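Please examine the sequence and the model before reading on.

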Amino acid sequence: MSIELFGLLVQASIYTVTISFVSIFIGFAIAILISGMLLTGRSLFVRPAQFFISFFRGVPLLVQLLLIYNLLPAVGLNVPSIVAAIIGLSLCTAAYQAENLRGGFASVPVGLVESAEMVGLTPRQIFRRIKVPIALRLTFPALVNEAILILKASSLVSVVGIVELTRMAQDLAGSTFLPLQIFASAGLIYLVINWVVALAGGLIESRLPGVAR
């Protein structure tokens, strides 16, 4: 396989990485909101949060992407395909990250929260300064794993017209009749990307407060 073909795969991988990481960060912000709703204990917030998690964990991502891609124009929102893809991936990963964070928040020692209340910290300060850092530290490995899963699942966004790494590999394999070399190269690129993410995640985790070094 020529350098030019490999270069096209590398260029397409930029879309894969960009879409994935934008979706992961947006999903994380949504996940904090959803997990917070679950922890309120009020049915007004808990029921919608539970439905959100059940829907986006229970429906295949491919169906979610096609649904969102066709739903947005139907309600008058004509957005680019990449926006629809990011929305779909963000909502999907938010459901999984919310469950991870909920477990982390539930693991925060009650005594620590009570001590913070005794020294005069407000509920918002306790959430921001105590609960979020502890929950993030406890769930960080799961969040890194979710990031890797989203990177791999991003191959599905080709169904809404995004030419990312997998779609580019399919197009090149069909036009060059070199499927083995093309898909092996695409797999290598995915492997390198995910290895870098795992390595970066391990380094960040080792520097989180409270982690033994």
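In what follows, buried means under 20% relative accessible area, exposed means over 50%, and partly exposed lies in between, with a 1.4 Å probe and protein chains only. The model is predicted: local features need pLDDT of at least 70, side-chain atom pairs count only at pLDDT 80 or more, and totals for chains, interfaces and linings use all residues. Residues are numbered from 1 along each chain as its sequence is written, and side-chain values use heavy atoms, with hydrogens and water left out.

**Overall fold**

- The protein chain contains eight helices and zero strands, where helices (H or I, at least four residues) and strands (E, at least two) are DSSP runs numbered from the N terminus.
- Along the sequence, the elements follow the pattern α-α-α-α-α-α-α-α.
- The C-alpha trace spans about 70 × 50 × 25 Å along its principal axes.
- Of the 213 residues in the protein chain, 37% are buried.
- Contact means heavy atoms within 4.5 Å; among contacts between residues at least 6 apart in sequence, 73% join residues at least 24 apart.

**Pockets**

- Rolling a probe the size of a water molecule over the atoms shows where empty space is left.
- On a 1 Å grid over the protein atoms alone, a pocket is an open set of points with protein on both sides within 12 Å along at least five of seven lines, whereas a cavity is a set where a 1.4 Å probe fits but cannot get out; lining residues have an atom within 4 Å of a point.
- Grid points are joined across faces, edges and corners, and a volume is the space filled by probe spheres set on the points.
- The largest pocket has a volume of about 360 Å³ and is lined by 15 residues, of which I24, F25, F140, V144 and A147 lie nearest its centre.
- Helices α1 (3–39), α6 (123–153) and α8 (179–206) each contribute at least two residues to the lining of the largest pocket.
- That lining comprises 13 nonpolar, two polar and no charged residues, counting Ala, Val, Leu, Ile, Met, Phe, Trp, Tyr, Cys and Pro as nonpolar, Asp, Glu, Lys and Arg as charged, and the others, Gly among them, as polar.
- The second largest pocket holds about 310 Å³ of space, and its lining includes I32, F105, E117 and K131.
- At least two lining residues of the second largest pocket come from each of α1, α4 (81–106), α5 (110–118) and α6, and α6 gives the largest share, four residues.
- By class, the lining of the second largest pocket has eight nonpolar, two polar and two charged residues.

**Cavity**

- One cavity of 30 Å³ or more is found in the whole structure.
- Helices α1, α4 and α6 each supply at least two residues of the lining of the largest cavity, which has six nonpolar, no polar and no charged residues.

**Nonpolar cores**

- A nonpolar core is a set of buried Ala, Val, Leu, Ile, Met, Phe, Trp, Tyr and Cys residues joined through side-chain atoms within 4.5 Å.
- The largest nonpolar core has 33 residues, and L9 and V157 have the most contacts inside it.
- Helices α1, α3 (61–74), α4, α6, α7 (165–176) and α8 each provide at least two residues of this core, with the largest share, seven residues, coming from α6.
- A second, separate core of 16 residues includes L38, F56, A98 and F105.

**Aromatic pairs**

- The structure holds four aromatic pairs; rings of Phe, Tyr and Trp (its six-membered ring) pair if their centres lie within 6.5 Å, and planes under 30 degrees apart count as stacked, over 60 as edge-to-face and the rest as tilted.
- The ring centres of F52 and F56 are 4.7 Å apart and the planes stand at 50°, so this pair is tilted.
- F52 and F56 are four residues apart in helix α2 (residues 43–58), and about one helical turn therefore separates them.
- Both F52 and F56 are buried, and F51, F52, F55 and F56 form one aromatic cluster.

**Loop residues**

- F177 is found in the loop between α7 and α8 and counts as exposed at 67% relative accessibility.
- F177 has a positive phi of about 60° although it is not a glycine.
- G161 sits in the loop between α6 and α7 and is partly exposed, with a relative accessible area of 48%.
- From C-alpha to C-alpha, G161 and L180 are 24 Å apart in space, and they are 19 residues apart in sequence.
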